[in-house]
Amino acid sequence: MTEAPFSISVSAQQLETLQEKLQLANFPDELDDAGWTYGVPLADIKRLVQRWKDGYDWRKYEAELNDELPMFTRDIEVDGFGTLNIHYVHKKSEVVDAIPLLFCHGWPGSFCEVRKLLPLLTATSPKNPSFHVVSLSLPGYGFSEAPRKQGFKGAQYAEVAHKLMLALGYNEYVTQSGDSGSMIARKMGILYGGKHHMAWHTNFPRAVPPSLTKNPLSFFIYLVTPFSAAEKAGFAHTDWFRTWGMGYSAEQSTQPQTLGYSLADSPVGLLAWIYEKLHNWTDNYPWEDDEGDGDLLTSTTSGAVVLMLLFAVLTWVSIYWFSRAGPAASLRIYFEYTNDKEQSESLFLKIPMGASFFPKELCIVPSAWVRRDNHLVSEFNHESGGHFAAHEKPEELVGDLHKMFGKGGGAYGVVPGKTGYQ
């Protein structure tokens, strides 16, 4: 389990192949005035592809990632699955008693989602706690090795993340997560909670409605208690997503290999598949160009103008295209979770939980439902923001963590001897 420094180094052959495929791209037709009704507009994809071919310098952004993010790899032994070489970012605070925090991404995210959080979380301040931050590439994502055997489910992802924290010397730690990363973090709480995993925060709080047989009291309260305006809006947004936004999940949960051929062979197909989520899952977010100057891409959805900077989108997608195992490997987590007979979503999790609610998250549930299955100690409600909170709303997300783990917060001092203060 020896740690090795890591730098991203995409080969010249990989870059040449990408250029060749972009040059040979075939585009579909499009109906008149379709906009986003049928999916990603043709004009958006053509412009992104043009920029990817002619104006996007991967080497520049590769160098910036290497300079900005302290990256490493190490081998992690996974019970029944052999050894996987895992890639991760590890940024330590100057505060000796900083709180060890694992950031866990989902799909179509990556380790890079932690970029805007790092300087805020590791900062030294007498007012706020500081953190030692670890952000891993999940197995099959980014520059981590992918599992080679079937059945790599939630418990295995949790095992990898947990063993990584132990290997780094963090016997007790906390987590922050979104998307499928929140399911992994919750699994870590079930398996390692109280002894190692001391508290968790998520911007993707999940819960199922109460049932008469399992939660009779909650069920009757649910029947007689009127929902707030925010909760009603959350239900409406969730219904929209389940009706119009889950086609990708059905495919990735049932036949990921079939879809994988297209994403592994076609950079244009991969771009469209991910760009759709970056657009639809955010709250009219003007994708900030945190990598450099880029052209604006203008799209219209229900009259709202969304300005997206090309380089931010292309770097996000390029990490998938140049990933160690290829983009198809990242899809299988959906299949494995769907077929996981050891689901633990309904088990009560005793360790302290913090939840941040953003109005354009994919699925939004009442906090009372979340509280029923978790030890919810800190709850934060925001007026704007969507699925990619670490990228969309880094200051707000870090502010929530400061409140939760800071003095007077619901999880203050939860890691023995590590308060986060000087």
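Helices (H or I, at least four residues) and strands (E, at least two) are DSSP runs that are numbered from the N terminus. This is a predicted model, in which local features need pLDDT of at least 70 and side-chain atom pairs count only at pLDDT 80 or more, while totals for chains, interfaces and linings use all residues. Residues are numbered from 1 along each chain as its sequence is written, and side-chain values use heavy atoms, with hydrogens and water left out.

**Strands and their partners**

- Strand S3 (residues 82-91) has 7 of its 10 residues buried, so the strand is largely enclosed by the rest of the structure; here buried means under 20% relative accessible area, exposed means over 50%, and partly exposed lies in between, with a 1.4 Å probe and protein chains only.
- Strand S2 (residues 71-78) runs antiparallel to S3 and is joined to it by 8 bridges, where two strands count as paired if DSSP finds at least two bridges between them.
- Within this pairing, Asp75 has Asn85 in S3 as its bridge partner, and the two strands S2 and S3 form a hairpin with 3 residues between them, where Gly80 in the turn has a positive phi of about 85°.
- S3 is also joined to strand S5 (residues 131-136), by 4 bridges and in the antiparallel sense, and Tyr88 stands opposite Leu136 in S5.
- Strand S4 (residues 99-104) is mostly covered, since 6 of its 6 residues are buried; Ile99, Leu101 and Phe103 point one way from the strand, whereas Pro100, Leu102 and Cys104 point the other way.
- S4 pairs with S5 in the parallel sense over 5 bridges, and the bridge partner of Leu101 in S5 is Val133.
- S4 also runs parallel to strand S6 (residues 173-177), to which 4 bridges join it, and Phe103 has Gln176 in S6 as its bridge partner.

**The largest pocket**

- The largest pocket has a volume of about 1000 Å³; a pocket is found on a 1 Å grid over the protein atoms alone, as an open set of points where a 1.4 Å probe fits, with protein on both sides within 12 Å along at least five of seven lines.
- The pocket is lined by 41 residues, of which the closest to its centre are Met183, Arg206, Ala207, Val208 and Arg242; a lining residue has an atom within 4 Å of a point.
- The elements that give two or more residues to this lining are helix H6 (179-192), helix H8 (229-244), helix H9 (247-254), helix H13 (332-338) and helix H14 (367-373).
- The lining of the largest pocket divides into 21 nonpolar, 11 polar and 9 charged residues, with Ala, Val, Leu, Ile, Met, Phe, Trp, Tyr, Cys and Pro counted as nonpolar, Asp, Glu, Lys and Arg as charged, and the others, Gly among them, as polar.

**Aromatic rings**

- A search of the whole structure finds 20 aromatic pairs; rings of Phe, Tyr and Trp (its six-membered ring) pair if their centres lie within 6.5 Å, and planes under 30 degrees apart count as stacked, over 60 as edge-to-face and the rest as tilted.
- The rings of Trp316 and Phe388 have centres 5.3 Å apart and planes at 80°, so this pair is edge-to-face.
- Trp316 lies in helix H12 (residues 310-321) and Phe388 in the loop between strand S11 (374-381) and helix H15 (389-392), so the pair ties together parts that are 72 residues apart in sequence.
- Lys149 lies over the face of Phe81, at 5.5 Å from the ring centre, and Lys277 lies over the face of Trp273, at 4.0 Å from the ring centre; a charge sits over a ring if NZ of Lys or CZ of Arg is within 6 Å of the ring centre and within 35 degrees of the ring normal.

**Backbone features**

- Most residues other than glycine have a negative phi, and most peptide bonds are trans.
- The peptide bond from Trp107 to Pro108 is cis, with omega near 0°, and Pro108 lies in the loop between S4 and helix H4 (118-121).
- Asp179, in helix H6, has a positive phi near 50° and is buried, with a relative accessible area of 9%.
- Asn284, in the loop between helix H11 (267-280) and strand S8 (296-301), has a positive phi near 50° and counts as partly exposed at 43% relative accessibility.

Terms used. Points joined across faces, edges and corners; volume = space filled by probe spheres on them.
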